Structures are given as C-alpha cells and as structure tokens.
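Please view the sequence and the model first, and then read the notes below them.

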Amino acid sequence: MKDRVQLLHTAKQLNYKTFSRKNILEKLQTAIAFCLLIISIIPITFILVYVLIKGGTQLSIDIITQLPEPPGDDLLSAGGIGNSIIGTIIVTTIASVISVPIGIGGGIYLAEYSSGGLFSRFIRFGTNVLAGVPSIIAGVFIYGIIVSTKLIYGSNYSALAGSLALSILMLPTIIKTTDEGLKLVSDDLRRGALGIGASKFITITRITLPAAFSTIATGILLSVARAAGETAPLIFTALFSFYWPQGNEILLEPIASLSVLIYNFALEPYEAQNELAWAASFILVMMLLALNIIARRIGKLTMDNKSN
Amino acid sequence: MASMVAIVLIGILAFIFYGSLESMARFGFKYLITSGWNPVSDEYGAFTAIYGTIITSLAALTISLPIGIATAIFITEDILPRKVNEFIGLMVELLAAIPSVVLGLWAIFVMEPFLRPFLILLNQTFSWLPFFGTEPRGPGMAPAIIILSIMILPIITSISRDSLNQVPKKLREASYGIGATRWTTIFHIILPAAISGITGGALLALGRAMGETMAVTMVIGNSFNFSWSLLAPGNTISAMLANQFGEADGSQISSLMYAALILMILTLSVNIFANWLVKRISLKY
C-alpha cells in the first residue's frame, strides 16, 4: 500500500509541464525549424503559381503551332513556339540516342565485367566528376571542338552540336544508374543463368538487364528531363532559329529550343516576347514534370516488386 | 564504352587548358587579380567574375544551408504526419526539376521587383558597409545570390535528409532513454552523427552554385566594373562565358577559356572533396 502511494506520487511528478523552461525552449526550437521549413516551400509555390498563371492563361492553339516572330516586328504578338517545341524534342532525342547506348554500355562494363581494379575505380570517380562539370563548360567544349572548327560537314552552329553537348551532361547519370541498378540485382540470378549454360553475354542481356530495367529507365528519364531543360550548353552550339526545321540537313543547321527561346525572349525589352517566354516556360515545365512523374512511377514499381 | 567518360573528361580538361595557353602566357597570374575586360584594347582580367563566382555561391550557401538543414530535420522527425512530410519532400524535389532558365525568368520579372524595396532598405541602413554600399538598380549580385540559394536548396535538403535517415534508430532511442529532449537529441546526437554527409551535400551544392549559369546570367547584370557591393551589378565566370563566348574571337576566346579553366578547377576541387566526404559517411554505419 505504501509502495502504491509512492508510485502515485512519482507519477504526478511525471506530468508534462507546459511552462517549464525546457519545454518552452523545445517548442521555440520546433517553431524556428517550422518557419525555416515554410521559407523553403515558398519559392517553389510562387514559381509554380506564376508559371501556371502567366504561362497557362495565354496558352492557345496558335501559340503551340506558330513560329516565333523576331523581336520588334510586331509589338502586340510574338507568334508561337511551335518550332521550339519540336526543336527541344529533336535535340533531346538525338542526345539520348548518343548517350543512352554509351551510358548503358559503360554501366554494364562497370557492374558486370570490371574486376574492381584501378581502371574501374578511376571511371567511377570520373563519372562523379563529370556529373559535377558545369553545363556551360560542356557548351564551351563542343563549341571549340565542333562549332568553331566546322568539323561536321562544314556547318558551324547545328542541332547535332547542341545534342552532343547535352549528351555529355546525360552520360554520367545514365552510367551511374545503370551501374547501381545492376549491382542491386541478386547474384543468385546470375549464378542460376550461368549454371544452366548461358554465356555471360546472354546472362546480361536476358537476365540481369531486364531485372534492373526500371532503375535504368528511371535514370534515363531523369537525365532526359534534365537535358531538355538545359540552356547553357545550347546557346552557342545549337543557337536559335525562327524557322521550322526542314530539309534533309535539319541536324546541320541551327535549331530552336524552348529553353533558348525563354532565355532570348526574357531579355528582350518587348512585352510580347516576354509573354511568349512565360508561355514557353509553362510548356517546358509541364513536359519536365510529366517526365519526372513517369520516372518516379517507374522507380516506385521497383520498390514494390522488391518488397513482394 | 566506359572509357568514354575518361576520354570526355580528359578531353574537356586538355582542350580548355590548351585553349587558355595563349591568354595564360600573355596575362599570367595578373589575369586573376585585375578586373578590366576590354576586347578593343585586348586587355582582359577576370577578377570581377572570380569574385562574383565565389561570393555569390558562398552567400547562397550561407542562406540556404540553415533553411535546408532545418527542413530536412523537420521532415525526418515525427512532428508532422508522415503524409505531410512526404508532400513537403516532394515539393522541394520538384524545385530541382524546374529548369534554371525558368527560374531566371521568374527572378527577372517576379523576384527582383519584389526584393528591390528590401534591398533599398538594406542599402539605406548599412550603407557604411562596403557590401551594401551602392544603391540597388534592378539586376545585381543580391538577386543572383537569392535565386542561387533557391536553386541549391533541393540538393542540401535531400542529401541532409538522406544522411539524417541513415543515423541508426538506436542512437535516438538511447538518447531519449536517458531523458534527453527532442532538440537536445537532434543537436547532440543526430546532427553530429550525420555531419559529414551534410557537409558533403553542402559542398556539392557549392559546386553546383559555382557552375550555375542561366539564372545567374539573367539577373546579375553582367558588368565588368568591379564593386565590393552585393547590390551592384556584377558577373560570374559562367555568366561571362554565356554572354561572351558566342561572339568572341582571337585572344578573347583564349581569355574566356582561361576563365573556364579556373571555373573547372574550382568546381572540380569542391566536387572531389564533397564526393570523398559523402563516401566517408556511407562507410561509417
């Protein structure tokens, strides 16, 4: 009985004291952290709202299908962004065609063939370093190697040069995700395949690559999304164009892209051009968000498969 | 195919180094500490741009580091329901998906006009400090710093969150068990355990801020006149490259290459150090 009284007494002391110095301090710290959290949410909210309102409201068939007009020609209208949308798609697709095979090949080499020696350590390190190279440097590099020397059939600014610059930026992400995706595949699968007589090549193409498919696909989509939004490597490689890409030398001529259009038109003193830049941002952001969401979905699929 | 990485990387370094040789021979070390940029008389000095690159990225890091870490702490703790935490995490990551040119557009037309009254106030109150010594007139270093800190926020937040999540639960439970409060645990147990990951993330963000081009070019004003003031127009190496490279020729190209080489060395050393730090933490637990 005496013990119980003692116990009740202690329990009373354990009550939460709202106004003790310690508890107020705790709440204060939580409040400060909460304020900083709110600050970190504000920019993205405002950016999305402005892109949606200023870009989304002026969306029309004309804007999507017409050509842009050179600044100053017509003060009321700046035309459309039709060729820029197509240009962005063309340049990004070619960049992917260049970097995806090389990236996946490199990743396969690192994860499946290399023995963890000095060379593969150096390549892994190089991949990390290349991922940190500023995108403008990729533009400078391609400008110097291809544009200024007119290396490719004597054309200087070209869609191909822009694509090459973008592919430099995509390469490290693809190698890294392929490498990591393949490393996650269980060794039992490999041994099983080799055990029933499959060659190493067959094992990789039929067993391990399909098993790592969704990780690799996520990596590729994310790098495509990043490349499609890049401007710095394009401004002096792919340049810009006020015309539709046409003829058989599409790739050897300057090409328009959404990001460069936004950059050029944002700095124009004409309001019509500025408005068009907002419309282009809206389209670009929507494209990138869609890619990101698809990438996330595919990434989630793997997680679910693994937990089953 | 893996060696493509090495070829490209060494190619870039060799190419930029080779391109900058001419300028290096002509200006040498003086290039780094003088700030004239005159294509007509062929005199180049990159001090304004180097100062701009270092100051904008460091200031941006100083602003977004506390915000990013606090956000990461908040969403790894159980203060809010898990759904809300996931939503906030998603919002911050969305920010990383917005292309920098769109951020630049937003910065020109929305953020800079909004900030100007505050910057003017800053100038009036602290005009005796060299950093706030000039009157803000539209584009300048300060808007560039703010937009940079917005851009690197997702990197800091997501890497801090990952390293906070890696801290073993046992540490937290033990700390609560001996009567420590939530924030005592955070400051004395969890943050110290995650510190090298967070530092690595901060350095990666710094490297990213140094190399960031578009948004900065659009708001910094691209001036070659050197000024200590953060409110005056300035320049960064990457902004200078974006503006000048397309129209440059002869020794100007070589001078730009020299600047690119400096940028490359700056970002590479920061990135390599960051990768080394991040690797160290992942071995620990």
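The model is predicted. In it, chain A contributes 63 residues to the contact with chain B, and chain B contributes 60 residues.

**The side of chain A that touches chain B**

- Several helices of chain A each supply at least two residues of this side, among them α2 (21–56), α4 (82–113), α6 (135–147) and α12 (271–307).
- The largest share, 17 residues, comes from α2(A).
- By class, this side of chain A has 45 nonpolar, 16 polar and 2 charged residues.

**Helices α5 and α7 of chain A**

- Helix α5 (residues 118–131) and helix α7 (residues 159–184) of chain A pack with their axes 8 Å apart, at an angle of about 140°.
- The two helices, α5(A) and α7(A), are therefore oblique to each other.
- The crossing in which α5(A) passes α7(A) is left-handed.
- On the α5(A) side, A:T127, A:L130 and A:A131 meet residues of α7(A), namely A:L171, A:P172, A:T173, A:I175 and A:K176.
- The residues of this contact comprise 5 nonpolar, 2 polar and 1 charged.

**Residue A:L234**

- A:L234 lies in the loop between α10 and α11 of chain A.
- A:L234 counts as buried because it has 32 C-beta neighbours inside 10 Å.
- Leaving aside residues up to four places away in sequence, A:L234 touches A:G162, A:A165, A:S257, A:S259 and A:V260.
- A:L234 and A:S257 are 23 residues apart in sequence, and their C-alpha atoms are 8.5 Å apart in space.

How values were computed:
Residues numbered from 1 in each chain as written. Chains lettered and ligands numbered in written order. Predicted model: local features only at pLDDT ≥ 70, side-chain atom pairs only at ≥ 80, totals over all residues. Axes fitted to C-alpha atoms, helices over the stretch in contact; angles between N-to-C directions. Helix = DSSP H or I, 4+ residues; strand = E, 2+ residues; numbered from the N terminus. Parallel < 35°, antiparallel > 145°, perpendicular 65-115°, else oblique. Left-handed = near helix turned anticlockwise from the far one by under 90°. Contact = placed C-beta atoms within 7 Å. Nonpolar A, V, L, I, M, F, W, Y, C, P; charged D, E, K, R; others polar. Buried ≥ 20, exposed ≤ 12 C-beta atoms within 10 Å, placed from the backbone.
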